[in-house]
Structure formats: C-alpha cells, structure tokens
Amino acid sequence: QLAKMNTQSQEQAKEMASRMQRVFFATADLKAEAEAEAAVTKSQSFSLQLALQGKSKLAISDAAKADSAATAAFEATAELNARLEQQALRERVLAEARAEHTA
C-alpha cells in the first residue's frame, strides 16, 4: 500500500509539474505578446512623432514663405508710394511753373 501511495504521489507530482510548465509557457507567451504590443505602440508613437515634426517643418516653411511674400508686397507698396509722391511733386511743380508763366 505504501508503494501505491508513493506511485500516486509521483503521478500527482508529475501532473503538478506539467500544470506548472503549462502556466509558465502561457505566462511567457502573454509576456512576449505584451512586449510585442508595446513595441508596436512605441513604433506607432515614433511614426506619429515624425509625422508631426514633418508637418511642423512644413508649417514653418509655409510661414516663412508667407512672411517673404508679405515683405515683398510691403516693399513694392513702399516703392509705388514713393513713385506716386514723386509724380505728385512733379505735377505740382509743373502746375506752379505754368501758373507763373501765364501770370
């Protein structure tokens, strides 16, 4: 009877070891899956960060182009105003000269 109990104990120990091994492998699989998901999330986060940086650079470039265009427009307006002032001065001088000539 002692031998029978010993055999049962050994079988129970083997079964327990088998269960523990399955739990260990299941845990290892879950851990590997969680690590893979974390790696994918990190990769997606990095890709998103790169995309946002690209959009930021594009926005900065667009802003610089708009600033350059505004500066050019301002300079052109200033030049046009200077020419109009010169023309008005010429016309006034001519008008004064005509007035003196006719007087």
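Predicted model: local features only at pLDDT ≥ 70, side-chain atom pairs only at ≥ 80, totals over all residues.

Modeller: Residues are numbered from 1 along each chain as its sequence is written, and side-chain values use heavy atoms, with hydrogens and water left out.

Colleague: How many aromatic pairs does a search of the whole structure find?

Modeller: The search finds one aromatic pair. Its members are Phe24 and Phe25, with ring centres 5.6 Å apart and planes at 65 degrees.

Colleague: Why is the pair of Phe24 and Phe25 called edge-to-face?

Modeller: Rings of Phe, Tyr and Trp (its six-membered ring) pair if their centres lie within 6.5 Å; planes under 30 degrees apart count as stacked, over 60 as edge-to-face and the rest as tilted. The centres of Phe24 and Phe25 are 5.6 Å apart and the planes stand at 65 degrees, so the pair is edge-to-face.

Colleague: What makes Phe24 exposed, and Phe25 partly exposed?

Modeller: Buried means under 20% relative accessible area, exposed over 50%, and partly exposed in between (1.4 Å probe, protein chains only). Phe24 has 56% and is therefore exposed, whereas Phe25 has 45% and is therefore partly exposed.

Colleague: How do you know that Arg19 forms a salt bridge with Glu15?

Modeller: The term requires a side-chain nitrogen of Lys or Arg within 4 Å of a carboxyl oxygen of Asp or Glu. For Arg19 and Glu15 the closest N and O atoms are 2.6 Å apart, and a salt bridge is assigned. Both residues lie in helix α1 (residues 2–102), four residues apart, about one turn of the helix. Helices (H or I, at least four residues) are DSSP runs, as are strands (E, at least two), numbered from the N terminus.

Colleague: Which accessibility label does Arg19 receive, and why?

Modeller: Arg19 has 43% relative accessibility and so counts as partly exposed. Glu15 is likewise partly exposed, at 42%.

Colleague: What makes Arg83 and Glu79 a salt bridge?

Modeller: Their closest N and O atoms are 2.8 Å apart, and the salt bridge is assigned on that distance. These residues also lie in helix α1, four residues apart. Arg83 has a relative accessible area of 54% and is therefore exposed, while Glu79, at 44%, counts as partly exposed. By this rule the count comes to two salt bridges.
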